[in-house]
Amino acid sequence: TRKGFHFFKAAVENLVQQGLADETVVVIFGTPRMKEDMSTGVTTYYIGTLNDSYSLNLLYSTADVFVTPSIADNLPNTIMESMASGTPCVSFNVGWISDLIDHMENGYLAEAFNVNDLSFGIKWVLQNRNSLSPKARSKVETTFDQNIIVRRHEELYASLI
């Protein structure tokens, strides 16, 4: 599918082969029900769909890393929400995701569809989370805050008139 779950599963399997199964817990959310099997040797919880901002923020902020291996995406709210909660993200470098994630500054942009690079990125973010977390939040606050977006639109419209 477009969300790249099979890439995520393969990346987790790589981490298991590196001996990280005991340290890894996967939490999956956002779809009404799981269609794919997540049998990878790690503890996995399926949360389902969360509809309120409090639950989403709590989930994002308790995670060490947010992974979205989308095959194609524009400017995903999930990445922005995760970063706003101080959780660095790992994603393939596709679409406009690089407008959100600054590679190895506030997260990790893996080479598109490269499972080894995706699993490396997950491991790297986990090792560097403490320095990445404030930068992830800062990126959203300084670039995507609602007031900043409104001001930029006003400036654009004024320049066009």
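Two strands pair if DSSP finds at least two bridges between them. Strand 4 and strand 5 (residues 107-110) do that in the parallel sense, over four bridges. Helices (H or I, at least four residues) and strands (E, at least two) are DSSP runs, numbered from the N terminus. This is a predicted model, where local features need pLDDT of at least 70 and side-chain atom pairs count only at pLDDT 80 or more, while totals for chains, interfaces and linings use all residues. Residues are numbered from 1 along each chain as its sequence is written, and side-chain values use heavy atoms, with hydrogens and water left out.

**Around strand 4**

- Strand 4 (residues 89-92) sends Cys 89 and Ser 91 one way and Val 90 and Phe 92 the other, and all are buried (under 20% relative accessible area; exposed is over 50%, partly exposed in between, with a 1.4 Å probe and protein chains only).
- Strand 3 (residues 66-68) also pairs with strand 4 in the parallel sense, over three bridges.
- Ser 91 has Thr 68 standing opposite, and in strand 5 its bridge partner is Leu 109.
- Strand 3, helix 3 (residues 77-84) and strand 4 make up a right-handed β-α-β unit; right-handed says that, with the strands pointing away from the viewer, the path from the first strand over the helix to the second runs clockwise.

- Helix 4 (residues 115-143) has 29 residues, yet its end C-alpha atoms are only 29 Å apart, short of the 42 Å a straight helix would reach (1.5 Å times one less than the number of residues).
- At Arg 129, helix 4 bends by about 85 degrees, taken as the angle between axes fitted to the seven residues ending there and the seven starting there.
- Asn 114 caps the N-terminal end of helix 4, with a side-chain oxygen 3.0 Å from the backbone nitrogen of Asn 116.

**Loop residues**

- Thr 24 sits in the loop between helix 1 (5-17) and strand 1 (25-29), and counts as buried because its relative accessibility is 18%.
- Leaving aside neighbours within four places in sequence, Thr 24 is in contact (heavy atoms within 4.5 Å) with Val 42 and Thr 43.
- Met 104 lies in the loop between strand 4 and strand 5 and has a positive phi of about 60 degrees, though it is not a glycine.
- Phe 113, in the loop between strand 5 and helix 4, has a positive phi near 65 degrees.

Terms used:
A polar contact is a pair of N or O atoms within 3.5 Å; within protein, one must be able to donate a hydrogen and the other to accept it, and residues adjacent in sequence count only if both atoms are side-chain atoms.
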